[in-house]
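This report examines a single protein chain. The sequence and the model are shown first, and the description follows.

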Amino acid sequence: MSMEREERIARTTGAGAAAGADDRGDKKRSMGRRKPCKFCGDENLKIDYKDQALLKYFITDRGKLVPRRISGNCAKHQREIAVAVQRARMIALMPFAVTGE
Ligand SMILES: [Zn+2]
């Protein structure tokens, strides 16, 4: 009995992956005017982990949480969003990660 199964693990030297991030160029910083927190402004708006349509707004295409700077949420509500998304993920309403197949 000879098992001729050998798997070669080709170890790639992963140092490439150049991400095209452009830091420079656009000098557009909105000073003074901060985006108001959506939830603080509207009391009727509730953060619910079952509300996919709402949570979807706060995650990226890849399924990651949108940072507060971009979403404009206050700390309190951003946290609630984060918790809601985590719950939604647990019951498979939301993706943990969207991998580009
Ligand atoms: Zn808020």
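## Basis of the model

The model is predicted, and local features are reported at pLDDT of at least 70, side-chain atom pairs at pLDDT 80 or more, while totals for chains, interfaces and linings use all residues. Residue numbers start from 1 along each chain as its sequence is written.

## Overall organisation

The secondary structure comprises 4 helices and 0 strands, in the order α-α-α-α from the N terminus. Helices (H or I, at least four residues) and strands (E, at least two) are DSSP runs, numbered from the N terminus.

Of the 101 residues, 11% count as buried. A residue is buried if 20 or more other C-beta atoms, placed from the backbone, lie within 10 Å of its own, exposed if 12 or fewer, and partly exposed in between. Two residues are in contact if their C-beta atoms, again placed from the backbone, lie within 7 Å. Among contacts between residues at least 6 apart in sequence, 67% join residues at least 24 apart.

Leu55 belongs to helix α2 and counts as buried because it has 21 C-beta neighbours inside 10 Å. Leaving aside neighbours within four places in sequence, Leu55 is in contact with Ile81, Ala84, Val85, Ala88 and Met94. The C-alpha atoms of Leu55 and Ala84 are 7.7 Å apart, although 29 residues separate the two along the chain. Under an exclusion of residues up to four places away, Phe58 touches Leu65, Val66, Ser71, Ile81 and Val85.

Asp48 lies in the loop between α1 (38–41) and α2 (52–56). Asp48 has 13 C-beta neighbours inside 10 Å and therefore counts as partly exposed.

## Helix α4

The buried residues of α4 are His77, Gln78, Ile81, Ala84, Val85 and Ala88. Seen down the axis, these fall within an arc of 120° (taken from the directions from the helix axis to the C-beta atoms), so they line one face of the helix. Their cover includes α1, α2 and α3 (68–71). The face turned away from the buried side carries the exposed residues Ala75, Lys76, Val83 and Met90.

Just after α4, Ala92 takes a positive phi of about 60°.
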